[in-house]
Amino acid sequence: MSLNLNQIMIAGRLTSDPELKTTQNGKEFCDFRIAVNRPSSPGAESSADFIPCRAWEKTARFISNYFRKGQAIFAQGRLNVSKYAAQDGQERVFYNVMVNNAQFVESKARETVSSSELNNSTSDNNTEDYDLSFDDLPF
């Protein structure tokens, strides 16, 4: 039996505004980087990885239309490995994630409206914010 699996899931923040581009053949794509914080021990300096990504066609249009620099994003795709010869003749390897699905992580209301505005807003529904953990769930 042969086992082949190349699946990557990343959640982080965009390092710049994604820009939609078009190839000479008319295919749309966008390149972007996702900053992902590395876990660190208490008191240690935090660091991040900046992961290069590329999306094509519908996914590229979605990302370029709805995501901006600093916004949280969840992306799924596969690791792509490209080899090329550099000007000095050495072979180089370039890694990036070919994104085929992207999703929002934060609600639009929380990004654009301050917390005091959210707390002072009125609505017809009498709803409260609850602090739930997995232990509180009934299943």
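Is Cys 30 buried or exposed? Cys 30 is buried, at a relative accessible area of 0%; buried stands for under 20%, exposed for over 50% and partly exposed for what lies in between, with a 1.4 Å probe and protein chains only.

## Basis of the report

This is a predicted model, in which local features need pLDDT of at least 70 and side-chain atom pairs count only at pLDDT 80 or more, while totals for chains, interfaces and linings use all residues. Residues are numbered from 1 along each chain as its sequence is written, and side-chain values use heavy atoms, with hydrogens and water left out.

## Cysteines

The structure holds 0 disulfides, a disulfide being a pair of cysteine sulfur atoms within 2.5 Å. The closest cysteine sulfur to that of Cys 30 belongs to Cys 53, at 9.3 Å, which is too far for a bond. Cys 53 is also buried, with a relative accessible area of 2%.

## Aromatic rings

Rings of Phe, Tyr and Trp (its six-membered ring) pair if their centres lie within 6.5 Å; planes under 30 degrees apart are stacked, over 60 edge-to-face and the rest tilted. The count comes to 5 aromatic pairs. Phe 62 and Phe 67 form an edge-to-face pair, because their planes stand at 75°, with centres 5.7 Å apart. Phe 67 and Phe 104 are stacked, with centres 4.7 Å apart and planes at 20°.

Phe 67 is buried at 0%, whereas Phe 104 is partly exposed at 44%. Ring pairs join Phe 62, Tyr 66, Phe 67 and Phe 104 into a cluster.
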